[in-house]
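This briefing is intended for a reader new to the structure. Please view the sequence and the model together while reading the points that follow.

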Amino acid sequence: MLNTLLPILLFAALGLAALGAVRRVRMWRRGRAAQVDLLGGLLAMPKRYMVDLHHVVARDKYIANTHVATAGGAVLAAVLAILVHGFGLHNRFLGYALLLATALMFVGACFVYARRRHPPARLSKGPWMRLPKSLLMFSASFFIATLPVAGILPADFGGWVVAVILGIGVFWGVSELFFGMTWGGPMKHAFAGALHLAWHRRAERFNGGRSTGLKPLDFADKGAPLGVEKPKDFTWNQLLGFDACVQCGKCEAACPAFAAGQPLNPKKLIQDMVVGLAGGTDAKFAGSPYPGKPVGEHSGNPHQPIVNGLVDADTLWSCTTCRACVEECPMMIEHVDAIVDMRRHLTLEKGATPNKGAEVLDNLIATDNPGGFNPGGRMNWAADLNLSLMADKPDAQVLFWVGDGAFDMRNQRTLRAFVKVLKAAKVDFAVLGLEERDSGDVARRLGDEATFQLLAKRNIKTLDQYRFKRIVTCDPHSFHVLKNEYGALGGHYEVLHHSTFMAELVTAGQLSLVQHKGGSVTYHDPCYLGRYNGEYQAPRDVLKALGIEVKEMQRSGFRSRCCGGGGGAPITDIPGKQRIPDMRMDDIRETQAELVAVGCPQCTAMLEGVVEPRPLIKDIAELVADALIEEAAAAKPVVVKREPAEVN
């Protein structure tokens, strides 16, 4: 009886799964066209799944081992079940292989079940709670049904009663694992996730690569939308990426805005885009809502506007673009890209940038700086420093990109300190002076792509007039834009953050330094230096050269908590239950450090804005400048052992 029933159940489920796959692909294809390597992506997908994605999953050893057993066993068991019970290949070797695969899957499913008994708050409940039961039913049913194939039990054991029971178990299991994989349910991520990895929006992220620069809008394409208004305005592989979400909530747990009680939950945002893709409401969402916004009040479809339908505008403006969500996502979904795409529509089409957003964007157009300061005062901070200008010295080893910290009295101390370091190291450098304009970072994160491209092209035109080997800047935001986003507009440069450059100077013996004699120090990793550009070690090397042993915060390195200053968040100023910099200062206080070393003017401003008592905040350049030995003899090279930073 089983020999008749099992092939029917298997091939019926596979047939329905194939129909569901066609339906799902059609849903994704509602999005705009995207340039992808269809065949090359498919060929690369197994490696991306087993290596690149597993590197992210492996940060949680429990889940990594569970996933290897459950997913690996499930894939092997499904293939063997089709061969043995679908095509009737009752070979003893295949039978034992299927028994091993189902046993492995069963063990993994037991761990999944144990975790789901007391799930962390970040995990979605609802249909996900039945997943371990379905996995257990699939593996147990096929294990028992395969015992006769392996010769362990007689072919007719148990009679029709056992056959019916096993048939029910197989029906339950294949419905979830095959049919549910393409029609919806907890296993949907297996189908969508595999294709998402194959046709990822940022294929450069694989094979150890890094891709964090925003994609530019093509203003020459009159048919292209200015940002994303409706779900169908996303590219089709973005929609595919949203559909791959496993609702694990790692993004939710990492999001500073969610923790601060602002109306953003990156996991729900992605699920809202899935609702918009298929059409419907968020009433069945089984995870944490946006803080302060109950579930069940939002709906949409592919052809309706997203804002005030699927999400409220303040959800999008709460994001600091810190990429903590992207860094933690085990499916490598690009949340920040989606948020900025939707912001672009609000800013460019609607002119709906909240609070001081419109004022800042107007200032950038009128004065080339977000504060609206007289551009003629850009070099006032250096009036007594006798700095060389590129206009007078068109060929220099280093171009020092000052940034808009030139207009901020606190950040001027950092700039002056770094100039002191450069002069002490006898670096051949110059600045653009009044020719320098805002890098465009703030405009781009606020969605004003037009102003960003205007500023970027003007800066590129200026830079093209001069000869220099490298650009060095104290601002990670300018560093990121110049390094990773100007290239799409024709500006290709070698760009270094000042901490990296100072680490090189120390290693080369160009700086003579006394040991730090102050109190204990912790270091705050800026998002745009760390997660965006992978630079965690150089700042720590500089501090080590000063004799400082960094007291690491619990959230440091790639898991550093954002200060709240990125993405235009201080400008849009969406309220929450607490301030993000206050939360970061709590992290700092846990270390009991007396001083916080930073490497970003935004981080400095946000952390110094926390009410005292609190530790002293100093840029790394200030610490190095304070430690310089004046008129020292030629320094001997200092060999700094480059070790991976101890980060969490």
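Thr522 stands opposite Val596 in strand S8. The model is predicted: local features need pLDDT of at least 70 and side-chain atom pairs pLDDT 80 or more, while totals for chains, interfaces and linings use all residues. Residues are numbered from 1 along each chain as its sequence is written, and side-chain values use heavy atoms, leaving out hydrogens and water.

**The sheet**
- S7, S8 and S9 form an open sheet in the order S7-S8-S9, with parallel pairing (strands are DSSP runs of E, at least two residues, and helices runs of H or I, at least four, numbered from the N terminus; two strands pair if DSSP finds at least two bridges between them).
- Three bridges join S7 to S8 (residues 595–598).
- The edge strands, each pairing on one side only, are S7 (521–523) and S9 (616–619).

**Helices H20 and H25**
- The axes of H20 (residues 498–507) and H25 (residues 620–627) come within 10 Å and cross at roughly 30° (axes are lines fitted to C-alpha atoms, for helices over the stretch in contact, and angles run from 0 to 180 degrees between N-to-C directions).
- That angle makes H20 roughly parallel to H25 (under 35 degrees).
- His498, Ser499 and Met502 of H20 make the contact with Ile620, Ala621 and Val624 of H25 (heavy atoms within 4.5 Å).

Note on methods:
Parallel < 35°, antiparallel > 145°, perpendicular 65-115°, else oblique.
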